[in-house]
Amino acid sequence: MNLQDETNFILKKYGLRANKKLGQNFLINEEIINEIVKKADVQKNDVIIEIGPGLGSLTAMLLENAEKVIAIELDPNMSKILKERFSLYDNFELIENDVLKVNLQEIISEYESVKVVANLPYYITTPIIMKLLEDKLKLKSITVMVQKEVGERFCAKPNSKEYGAITISINYYTKPEVIIDVPKENFEPVPEVDSCVIKLDIRDVPPVNLKNEKEFFNLVKAGFSQRRKTINNSLASMGKTKEQVKNVLEKLNIDPKLRAENLTIEQFAEISNNI
């Protein structure tokens with residue numbers, strides 16, 4: 001039985017269908033699942049956090065390769081399936097809750113090697129990833145399926161339209177990379193958009209030194225809030241005069257007529273530390 005037939009069989013057996021409100025689209029390509037586990041570098045001593053496991057297709061492969069899988073599932077219908085499907089696995093733990101309400105710090109504190117591997121619900125991808133990063137959890141990496149355009153934003157380079165405040169945030173905490181392109185036909189039901197798998201290797205230390213992390217992110221947000229404005233004008237909205245901002249930019253040899261999308265994370269850090 002291939003994965004598509006198995007997915008349809010399980011849904012029919014339980015009288016269920018994908019829940020659109022929870023962004024459920026089930027991956028039905030076993031080769032891609034194998035590739036995710038391989039490129040996530042899942043090892044026998046790893047504890048894996050899986051968010052939104054759904055029917056458990058990826059979970060099954062993770063359980064065979066990791067020390068333990070801690071699955072976090074919001075949908076009680078999916079939880080019922082997961083409990084029955086993996087009842088004989090002693091390395092499976094299910095948490096029935098919204099991941100944004102779970103104290104992950106407490107859950108993973110006793111483990112040495114923790115990685116996140118998941119096919120994330122697309123409607124809440126960015127809040128989940130930013131929670132994982134901003135909570136500064138002791139993670140080695142995050143390997144997740146996301147909408148293709150979201151993955152491109154995370155991994156974008158300066159001087160591109162995809163490059164934005166979220167790009168800076170992701171690159172501050174991690175080294176991001178798109179590792180697999182996943183056309184929409186690999187899901188049941190077929191979504192409207194293509195997907196990709198990204199791997200975020202957690203940095204031991206940020207790539208820039210900051211005087212004030214909070215002010216740095218406020219500055220980045222202000223810079224990208226009105227993308228068409230020059231950096232001189234957009235940063236003046238932070239309570240500084242245009243003249244003050246201009247003086248800082250000139251001191252750092254940064255052209256005040258540039259826009260936020262033209263600046264590197266290092267330049268944003270310099271501005272933040274001097275302004």
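View 1. About 270 Å³ of space lies in the second largest pocket. The model is predicted, with local features requiring pLDDT of at least 70, side-chain atom pairs counted only at pLDDT 80 or more, and totals for chains, interfaces and linings using all residues. Residues are numbered from 1 along each chain as its sequence is written, and side-chain values use heavy atoms, without hydrogens and water. A pocket is an open set of points on a 1 Å grid over the protein atoms alone where a 1.4 Å probe fits, with protein on both sides within 12 Å along at least five of seven lines; lining residues have an atom within 4 Å of a point. Among the lining residues are Asn19, Lys20, Tyr122, Gln147 and Glu192. By class, the lining has 5 nonpolar, 5 polar and 2 charged residues, with Gly counted as polar.

**View 2. The largest pocket.** The volume of the largest pocket is about 480 Å³. Its lining comprises 31 residues, of which Gly52, Pro53, Gly54, Asn119 and Pro121 lie nearest the centre. The lining divides into 18 nonpolar, 9 polar and 4 charged residues.

**View 3. Helices α9 and α12.** Helices are DSSP runs (H or I) of at least four residues. The axes, lines fitted to C-alpha atoms over the stretch in contact, of α9 (residues 213-225) and α12 (residues 265-274) come within 9 Å and cross at roughly 115°. The two helices are therefore roughly perpendicular, a term covering 65 to 115 degrees. Residues in contact (heavy atoms within 4.5 Å) include Phe216 and Leu219 of α9 and Phe268 and Ile271 of α12.

Conventions: Grid points are joined across faces, edges and corners, and a volume is the space filled by probe spheres set on the points. Axes are lines fitted to C-alpha atoms, for helices over the stretch in contact, and angles run from 0 to 180 degrees between N-to-C directions. Angles under 35 degrees count as roughly parallel, over 145 as roughly antiparallel, 65 to 115 as roughly perpendicular and the rest as oblique.
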